[in-house]
Amino acid sequence: MTRVAAVDCGTNSIRLLVADADPATGELTDLDRRMTIVRLGQGVDRTGRLAPEALQRTFAACREYAGIIKEHGAERLRFVATSASRDAENRDEFVRGVLDILGVEPEVISGDQEAEFSFTGATKELTGRDHLPRPFLVVDIGGGSTEFVVGDDRVRAARSVDVGCVRMTERHLVRDGAVSDPPSPEQIAAMRADIEAALDLAEETVPLREARTLVGLAGSVTTVSAIAQELPEYDSEAIHHSRVSLARVREITEWLLRSTHAERAAVPSMHPGRVDVIGAGALVLLSIMERIGAEEVVVSEHDILDGIAWSVA
């Protein structure tokens with residue numbers, strides 16, 4: 001048994017997992033799993049730089065996480081940074097800050113590495129379930145990018161494309177510095193066209209339509225599941241391995257895209273940091289399901305964070 005810590009710093013959120021890993025059984029036992037919305041990717045699509053206030057929010061979360069890691073006595077730590085910090089001109093400032101606080105340098109991984117970790121984290125506990133036909137298509141809808149991975153016991157093909165809930169919101173739904181409330185049909189159509197073009201790119205290298213089981217990861221997908229189940233609050237156990245039909249995803253997406261900020265914020269399972277970007281994230285999920293003809297999505301709370309933990313174990 002090895003006690004490990006994994007940090008996944010994405011475009012919208014930073015997450016920590018401290019767990020005991022047992023390679024013999026393939027089990028991770030969570031000791032602490034948490035998420036903080038820091039919006040590191042704020043404005044990156046427009047400016048090409050990480051905003052000073054976004055860096056400060058991220059460093060504050062890192063200081064909190066450093067205390068938790070020390071408290072649990074984790075033997076090994078790996079910090080992985082994804083889309084926003086790949087794209088930013090001033091990413092050296094981000095790297096120095098994390099190194100000072102946590103004592104490890106963040107690894108700004110490639111989209112392919114990101115996809116491998118996501119696949120491992122999502123499917124390690126699904127491989128013995130005969131009722132889920134293979135191959136799996138694991139889709140990780142992040143803030144700045146979406147990863148597509150097809151595989152059985154291991155990855156067969158993977159691709160990362162630059163569509164995510166934050167990037168799509170900032171590119172298509174912001175007018176005069178504020179998110180449209182609700183967006184116009186023209187804004188939604190432009191966003192949908194961007195997503196479809198990204199799916200065309202993904203299909204150049206990943207056989208999306210060969211998948212027999214679609215597994216959806218990350219906050220946009222888990223929030224859609226929470227809404228579908230009408231949960232009175234966010235409940236990881238109820239969400240993990242839940243299934244949401246195509247019809248229900250379409251219904252929820254259409255509602256999110258015609259709702260106001262106040263209506264979305266009133267959803268009891270909605271994290272405040274997702275209120276403005278959930279419509280775009282849900283549309284990415286819906287577009288994928290329609291493209292591959294998936295009748296449902298299997299929702300996983302285990303994702304890139306778990307894959308990072310296994311990589312250090």
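**Cavities and their linings**

Mentor: The second largest cavity holds about 60 Å³ of space. This is a predicted model, in which local features need pLDDT of at least 70 and side-chain atom pairs pLDDT 80 or more, while totals for chains, interfaces and linings use all residues. Residues are numbered from 1 along each chain as its sequence is written, and side-chain values use heavy atoms, without hydrogens and water.

Trainee: Why is a space called a cavity?

Mentor: Because, on a 1 Å grid over the protein atoms alone, a 1.4 Å probe fits at its points but cannot get out. The structure holds 2 cavities of 30 Å³ or more. A volume is the space filled by probe spheres set on the points, which are joined across faces, edges and corners.

Trainee: What makes Leu-173 and Asp-276 lining residues of the second largest cavity?

Mentor: A lining residue has an atom within 4 Å of a point. Leu-173 and Asp-276 are among the residues that line this cavity. Helix H10 (246–258) and helix H12 (278–292) each give two or more residues to that lining.

Trainee: What makes H10 and H12 helices?

Mentor: Helices are DSSP runs of H or I with at least four residues, numbered from the N terminus. H10 spans 246–258 and H12 spans 278–292, so both are named under that rule.

Trainee: How does the lining of the second largest cavity divide by class?

Mentor: Into 6 nonpolar, 2 polar and 2 charged residues. Ala, Val, Leu, Ile, Met, Phe, Trp, Tyr, Cys and Pro count as nonpolar, Asp, Glu, Lys and Arg as charged, and the others, Gly among them, as polar.

Trainee: And which helix gives the largest share of the lining of the largest cavity?

Mentor: H6, with 3 residues. The lining of the largest cavity has 3 nonpolar, 4 polar and 4 charged residues.

Terms used: 1 Å grid on protein atoms, 1.4 Å probe; cavity = no way out; pocket = protein on both sides within 12 Å on 5 of 7 lines; lining within 4 Å.
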